[in-house]
Amino acid sequence: MLPAVSNKLWGYGLTTWFYLLSSISIVCFAIGIYIDEPILLLLPFGVLVLAVALLNFNLLFYLLVAAIPISINYQISDALALNLPTEPLMAGFLLLLPLYFLLNPSKENKALLNHPLILLLILMLVWLGITTIFSTEKLISLKFFVAKCWFICSFGILTALVVKNVNQYKIWFWCFLIPLILVTIYILLRHYNLNFSFAFVNRTMSPFFRNHVDSAVTQVAFLPFVICSRFLFKKGSVARLVIDGSIPLLIVGIYYSYTRAAIASIAIIVAVYFIVKFKLMYPTIIAGIIAIFAFVLLMQNNNAYLNFAPDYKKTIYHGNWKSHLKATISMQDISAMERVYRWVAGFRMVADKPIVGFGPGAFYKNYKKYTISSFKTYVSDNPEKSTVHNYYLLILIEQGIAGLIILLSIILITLIKGQQLYHSGLSPPYKYIVMASLMSFTVLLANNFLGDLVEVDKTGSLFFMNIAFIISIDLHYRTAKNVLNEKA
């Protein structure tokens, strides 16, 4: 078990601190009842969580993981919303982790903090802070920056710190899978009562997902872990049977989400297996970069993108799945063309502020004056205040060129290092975890071309945990290699 801090804190044992905090909790609770003060009634629970964290924050981390699939968005005010219970736990870890590293300056912890991917994640936060200073919407950007800090600390750094071996990975796996199965069953039952209606698909996701896209991408991004983890358990065991049953369940959930990109992502999972297996990551990355640059140059040449302006009268919402697919092919699907409407505005925004961007979270407040009316659709009023629907373009708009370079550096190193680890002589269990992480990571990369899913608690957590697994297994491999060299 991993203690949050060393055996003593400021000269006193952790047991002493536990009893002290528990006593404070009892006193606060009693006073809260006497004076009818809700804050004092809730405070003891926060204090006890802190006490548990001081003794061992593994338990809190696994609690956080289990809460991800079932978290709900709670609107505190018009300007503030929290994902509960995940974000309060993440905020706690943001306060706890610096204390842990300060009081535990071990060689192992220094190796973790000096890992290139961890340094890039920290650099991402530093640059985010700089762009917040220059933001056009400073209060929004500041809230975004704070939330991003606890997000990366909890899922990028803490995951790598806690999940160091196969046994810990198995705990993580079950903590995420079981709630996800329950939520998927809940959604399918609600959808069944609505005759699997395409028109009402978003209604079935409440309160666990914002919409059908978040639900489907969460399911398809976790599917690689389910597929690969089955090989970690004996054939015929209860664990293996549960996993084998959850695979078709998740696939059914993905299909009935009616999310085109997520359904297509199942093919990406298969493709990544062969790319990694036959060491094709480098040529695939190069081909992808060339294709993206060629497309952007083609659209920019003589303003060719204007040729794709939609027919306002024909680009409408389609109430059934078949019509939705036909409209997509004919470029008359309202959701697809609304994305184009915002992408055009987004590129014009980049040209205006290419260095530091408009600031984290500032897209919505600024984009409408950069739009072109010929791309407008029936939903361009954007009452849900959503963003540009392309995470890479969003980073470029809000954090400038440097922000995009940092993000792409993290992505490329994760993919390349993952393939190297897979072929480095790791034992099979670790190879399965690496393969699952690369599959899941690539699925998320693909779906972020059509959304900003890194900013969503469920899909964003998986994005950073995939990076953390590559970090953790890389450090495990280095340690094992050093031990072998010492014995030799």
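Q: Why does Lys 164 count as partly exposed?
A: In this predicted model, the relative accessibility of Lys 164 is 25%. Buried means under 20% and exposed means over 50%, so a value of 25% puts Lys 164 in the partly exposed class.

Q: What makes the contact between Lys 164 and Glu 108 a salt bridge?
A: The side chains meet with N and O 3.1 Å apart. The cut-off is a Lys or Arg side-chain nitrogen within 4 Å of a carboxyl oxygen of Asp or Glu, so the pair of Lys 164 and Glu 108 qualifies. The structure holds seven salt bridges.

Q: Which parts of the chain does the pair of Lys 164 and Glu 108 link?
A: Lys 164 sits in the loop between α7 (138-162) and α8 (166-193), and Glu 108 sits in helix α5 (residues 107-113). The two residues are 56 residues apart, and the pair is described as linking distant parts of the chain.

Q: How do you know that Asp 244 and Arg 230 form a salt bridge?
A: Their closest N and O atoms are 2.8 Å apart. The limit is 4 Å, so this pair is within it. Asp 244 belongs to helix α10 (residues 238-255), while Arg 230 is in the loop between α9 (212-229) and α10, 14 residues away.

Q: Why is Asp 244 called partly exposed?
A: Asp 244 has 29% relative accessibility. That value falls between the 20% limit for buried and the 50% limit for exposed, so Asp 244 is partly exposed.

Q: What makes Asp 457 and Lys 458 a salt bridge, and are these residues buried or exposed?
A: The closest N and O atoms of Asp 457 and Lys 458 are 3.8 Å apart, and the cut-off is 4 Å, so the pair counts. Both Asp 457 and Lys 458 are buried.

Q: Why is Ile 133 called exposed?
A: Ile 133 has a relative accessibility of 54%. Exposed means over 50%, so Ile 133 belongs to that class. Ile 133 lies in helix α6 (residues 116-133).

Q: Which residues make the nonpolar surface patch of about 600 Å²?
A: The patch is made by Leu 119, Ile 122, Leu 123, Val 126, Ile 130, Ile 133 and Phe 134.

Q: What makes helix α3 (residues 58-67) mostly covered?
A: Seven of the ten residues of α3 are buried. They are Asn 58, Leu 60, Phe 61, Tyr 62, Leu 64, Val 65 and Ala 67.

Q: Why is Gly 156 called buried?
A: Gly 156 has a relative accessible area of 0%. Buried means under 20%, so Gly 156 is buried. Gly 156 is part of helix α7.

Q: What makes the phi of Tyr 258 worth a note?
A: Most residues other than glycine have a negative phi. Tyr 258 is not a glycine, yet its phi is positive, about 55°. Tyr 258 is in the loop between α10 and α11 (260-277). Its relative accessible area is 6%, under the 20% limit, so Tyr 258 is buried.

Q: Why is His 389 called buried?
A: The relative accessible area of His 389 is 18%, and the limit is under 20%, so His 389 is buried. His 389 lies in the loop between α15 (363-366) and α16 (391-422). Its phi, near 65°, is positive in a residue other than glycine.

Q: Which residues does the cis peptide bond with omega near 5° join, and where is the proline?
A: The bond runs from Leu 84 to Pro 85. Pro 85 is in the loop between β4 (81-84) and α4 (86-103). Another cis bond joins Ser 206 and Pro 207, with omega about 5°, and Pro 207 is in the loop between α8 and α9.

Q: How many cavities of 30 Å³ or more are there, and what lines the largest cavity?
A: There are three such cavities, and the largest has a volume of about 70 Å³. Its lining includes Lys 164, Tyr 169, Tyr 430 and Phe 469. Helix α18 gives the largest share of that lining, four residues. By class, the lining has six nonpolar, three polar and one charged residues.

Notes. Residues numbered from 1 in each chain as written. Predicted model: local features only at pLDDT ≥ 70, side-chain atom pairs only at ≥ 80, totals over all residues. Heavy atoms only, no water. 1 Å grid on protein atoms, 1.4 Å probe; cavity = no way out; pocket = protein on both sides within 12 Å on 5 of 7 lines; lining within 4 Å. Points joined across faces, edges and corners; volume = space filled by probe spheres on them. Nonpolar A, V, L, I, M, F, W, Y, C, P; charged D, E, K, R; others polar. Patch = residues over 30% accessible without salt bridge, like charges linked within 9 Å, V, L, I, M, F, W, Y side chains within 5 Å. Areas by Shrake-Rupley, 256 points an atom, 1.4 Å probe, with all protein chains shown as cover. Buried < 20%, exposed > 50% of the residue type's maximum accessible area, 1.4 Å probe, protein only.
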